[in-house]
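Take a look at the display first, and then read on.

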Amino acid sequence: MTGDGFVRDPLQARALDMAAAADRSGGRLTLDREPFLTQVSLRLDPSLASRSPFPLPLEPNTVTEDGSHEVLWLGPDEWLVLGEPHTGAQIVEALERALAGEHRSVIDVSANRVAVELGGTGRIAVLATGCGLDLHPRSWRGGMCAQTLFAKTHVILQERLNATRMLVRPSFADYLVDRLLVGL
Amino acid sequence: MAVGIPCAFCGVRPFTEFTFGGEWRELDAPDAESDFQRVYLPENAEGAQRERWFHVMGCRTWSTVVRDTRTNEVG
């Protein structure tokens, strides 16, 4: 992706709100923006998964990590490759080269969702205020992801070491932050 | 907690993540009369009913679920 001057983070104006909320929690919670996270959507027959240059998780709702890339399972034939900001072109090229000739879909969808990282020990309690998933550690652990609803918005949750990444549509980003601030 | 619907891939999830796809029905019928029945005359059972549910807010796949229409118990 080029032309960075035209790229804008929908949550830029909320940075102070988010930092203030984290301060109020007394170290129990953090809420951070992850602007311009690269997201590439991959649709592919799962029998071809081994051809991907990034290891694709085949178990539902899990994540594989490979250096600076993470791959989320979104469906039986759908994955989301996450990478450093502005690396979409390289990821797309690597996938297209490896899967040339196969029936597939590789699209840079970085502008499709905004990433927010909710961290700290109190985060699960905050998530549970708006999410119907079973977030008990017996069923929700690091290395898992899920597409679900948080309050009224569709969200992709990715459980990481001591933090939960939330991906939402840009037009819902403000709503998500407002809703999280109520829970904090 | 809300009614849980078992998705073939994701396990039991709240029904709010799904859309209802109606009663399960055959994909085809041998003649016009039974095709009319298949499409327009659902059983609307009181009790256990086979239904289709689409995990629209999740993995976007269809599952077939048996739900008790009196108690919403999913078996």
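This is a predicted model: local features need pLDDT of at least 70, side-chain atom pairs count only at pLDDT 80 or more; totals for chains, interfaces and linings use all residues.

Residues are numbered from 1 along each chain as its sequence is written, chains are lettered from A in the order in which they are written, and side-chain values use heavy atoms, without hydrogens and water.

**Where the chains meet**
- Chain A brings 14 residues to the contact and chain B brings 12 (contact means heavy atoms within 4.5 Å).
- About 1000 Å² is buried between chain B and chain A, and carbon and sulfur atoms give 57% of this area (buried area is the accessible area, with a 1.4 Å probe, that two parts lose on being put together, summed over both).
- One salt bridge is found across this interface (a side-chain nitrogen of Lys or Arg within 4 Å of a carboxyl oxygen of Asp or Glu).
- Glu78(A) and Arg60(B) meet through their side chains in a salt bridge, at 3.0 Å from N to O.

**A sheet in chain B**
- Three strands of chain B form an open sheet in the order E3-E4-E5, with antiparallel pairing (two strands pair if DSSP finds at least two bridges between them, and strands are DSSP runs of E with at least two residues, numbered from the N terminus).
- The edge strands are E3 (19-23) and E5 (62-68) of chain B, and each pairs on one side only.
- Strand E4 (residues 48-54) of chain B is joined to E5(B) by seven bridges.
- Opposite Arg52(B) stands Thr64(B) in E5(B).

How values were computed
Helices (H or I, at least four residues) and strands (E, at least two) are DSSP runs, numbered from the N terminus.
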